[in-house]
Amino acid sequence: MIPIMSSGPLSTPAPVTLPVHTIPGSYGLPLLGPIADRLDYFWFQKPENFFTKRMEKHKSTVFRTNVPPCFPFVGSVNPNVVAVLDVKSFSHLFDMEIVEKANVLVGDFMPSVVYTGDMRVCAYLDTSEPKHAQIKNFSLDILKRSSKTWVPTLLKELDTMFTTFEADLSKSKEASLLPALQKFLFNFFSLTLLGADPSVSPEIANSGYIFLDSWLAIQLAPTVSIGVLQPLEEILVHSFAYPFFLVKGNYEKLVQFVKNEAKEVLNRAQTEFQLTEQEAIHNLLFILGFNAFGGFTIFLPTLLGNLGDEKNAGMQEKLRKEVRDRVGVNPENLSFESVKEMELVQSFVYETLRLSPPVPSQYARARKDFKLSSHDSVYEIKKGELLCGYQPLVMKDPKVFDEPEKFLLERFTKEKGEELLNYLFWSNGPQTGRPTESNKQCSAKDIVTLTASLIVAYIFQKYDSVSFSSGSLRSVKKAS
């Protein structure tokens with residue numbers, strides 16, 4: 001185990017002098033190397049095994065490789081990256097003095113700006129760009145103001161979702177999670193982040209979440225696996241960028257929904273943060289669709305799946321006891337402050353994020369030449385080189401986490417657990433970091449973990465036990 005840092009930049013070099021090594025690995029022959037790596041990544045090995053095999057081959061957590069997408073059909077994308085797969089080297093991705101984040105949200109590939117109103121939204125801006133500070137501060141302000149209604153709105157929408165689940169269970173042996181979950185997320189985030197009620201428009205109320213889902217899927221298709229039979233997925237999904245016109249009509253309906261129903265938030269964006277109406281609308285839709293809806297669509301099924309995982313037997317009993325000892329079974333007792341007192345519940349959320357971060361890959365481009373340190377070596381990085389960290393593997397760094405492959409409910413409890421939060425990455429920075437206009441850390445970092453904790457607490461107020469499996473709710477036993 002390495003010493004735990006309690007403060008200071010995680011990328012600060014250790015006082016011990018480490019040897020300078022040449023970065024191992026290569027990009028292979030032009031065209032053929034990237035295509036071979038792409039096929040390994042999506043088809044023959046899958047992402048985690050792709051990085052693991054290369055890490056073992058080079059006997060290094062830092063090496064050169066290619067990541068998809070790649071030419072010949074996906075524009076002028078350069079797939080060459082320096083992979084950084086241990087906690088120490090990975091932490092350099094968040095030091096804004098040595099890296100920059102312009103247009104590298106999903107690597108060198110950037111979806112066309114036509115998907116976001118012909119403008120680069122905040123996620124694609126570097127911190128050095130003046131517009132970044134305006135939009136980041138706007139997003140932080142939205143979260144601050146929404147905190148007043150966040151919990152009661154969450155509980156109301158959870159009641160609606162679980163009523164749907166129980167009705168489905170009364171008719172069949174299981175209730176599918178995703179449709180009701182995505183509708184819950186769309187309604188909840190529209191109400192809290194936009195101050196907009198989807199029910200004013202029957203079409204938005206019924207299909208808004210589908211519009212967001214398709215908008216996300218189309219623009220990110222070249223970078224993700226969707227489970228289509230190979231080689232069809234490589235031919236039809238990963239070989240080219242899809243045109244915006246496929247989702248243009250539905251996106252324009254979402255734009256109109258925000259324009260009509262989020263007037264207060266839009267007015268504040270213009271008067272207090274000097275954004276244009278169009279800048280506010282498209283950044284709001286990106287925050288709503290990509291960050292909030294998209295992130296939780298990936299995160300919550302994993303969170304609920306861990307609750308019902310037979311490998312984690314006995315966990316529900318411990319969580320239920322902590323919840324009821326703290327707040328009983330009355331939902332009115334749930335609050336941000338009350339879940340902060342639930343050490344096991346929060347540790348459960350953190351451990352889920354450690355093993356299954358919603359955004360698996362993080363990227364940054366070298367702002368200047370610098371020396372990058374891993375646990376045992378130093379490497380020279382040249383200005384302009386793209387760094388890639390695969391978080392599910394980084395978060396299994398055996399020099400930081402004991403039994404890194406295991407889900408340990410108590411991992412982030414007590415003093416040692418609090419110190420480990422310095423090394424928990426899922427939000428474009430460490431869990432102990434603070435989102436500001438000068439960094440790229442997720443504005444909602446803290447409210448995400450508190451919201452997940454509230455959902456877990458809600459479940460164990462309402463039910464003695466639940467069973468989740470393969471994307472479905474199998475059974476519930478109501479609180480006795």
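The count of salt bridges comes to 29, a salt bridge being a side-chain nitrogen of Lys or Arg within 4 Å of a carboxyl oxygen of Asp or Glu. This is a predicted model, in which local features need pLDDT of at least 70, side-chain atom pairs count only at pLDDT 80 or more, and totals for chains, interfaces and linings use all residues. Residues are numbered from 1 along each chain as its sequence is written, and side-chain values use heavy atoms, leaving out hydrogens and water.

**Salt bridges**

- Asp 40 pairs with Arg 54, with 2.9 Å between the closest N and O atoms.
- This pair links distant parts of the chain, 14 residues apart: Asp 40 sits in helix H1 (residues 32-44) and Arg 54 in helix H2 (residues 47-58). Helices (H or I, at least four residues) and strands (E, at least two) are DSSP runs, numbered from the N terminus.
- Both Asp 40 and Arg 54 are buried; buried means under 20% relative accessible area, exposed over 50%, and partly exposed in between (1.4 Å probe, protein chains only).
- Glu 385 and Arg 64 meet through their side chains at 2.6 Å, N to O. They are 321 residues apart, with Glu 385 in the loop between strand E8 (378-381) and strand E9 (386-390), and Arg 64 in strand E2 (residues 62-66).
- Glu 385 counts as buried because its relative accessible area is 16%.
- Glu 380 bridges to Lys 371, the closest N and O atoms being 3.9 Å apart. At 41% relative accessibility, Glu 380 is partly exposed.
- A network of salt bridges links Asp 141, Arg 145, Glu 264, Arg 268 and Glu 272.

**Surface**

- Val 224, Ile 226, Val 228, Leu 229, Leu 232, Ile 235 and Leu 236 make up a nonpolar patch with about 620 Å² of accessible area together. Such patches take residues with over 30% relative accessible area and no salt bridge, joining nonpolar side chains (Val, Leu, Ile, Met, Phe, Trp, Tyr) within 5 Å and like charges within 9 Å; areas come from the Shrake-Rupley method with a 1.4 Å probe, and for residues only the protein chains shown count as cover.
- Leu 232 belongs to helix H7 (residues 232-236) and is partly exposed, at 42% relative accessible area.
- Lys 321, in helix H11 (residues 315-327), is exposed at 54%.
- Lys 321 and Gln 461 lie 140 residues apart in sequence and 9.7 Å apart in space, C-alpha to C-alpha.
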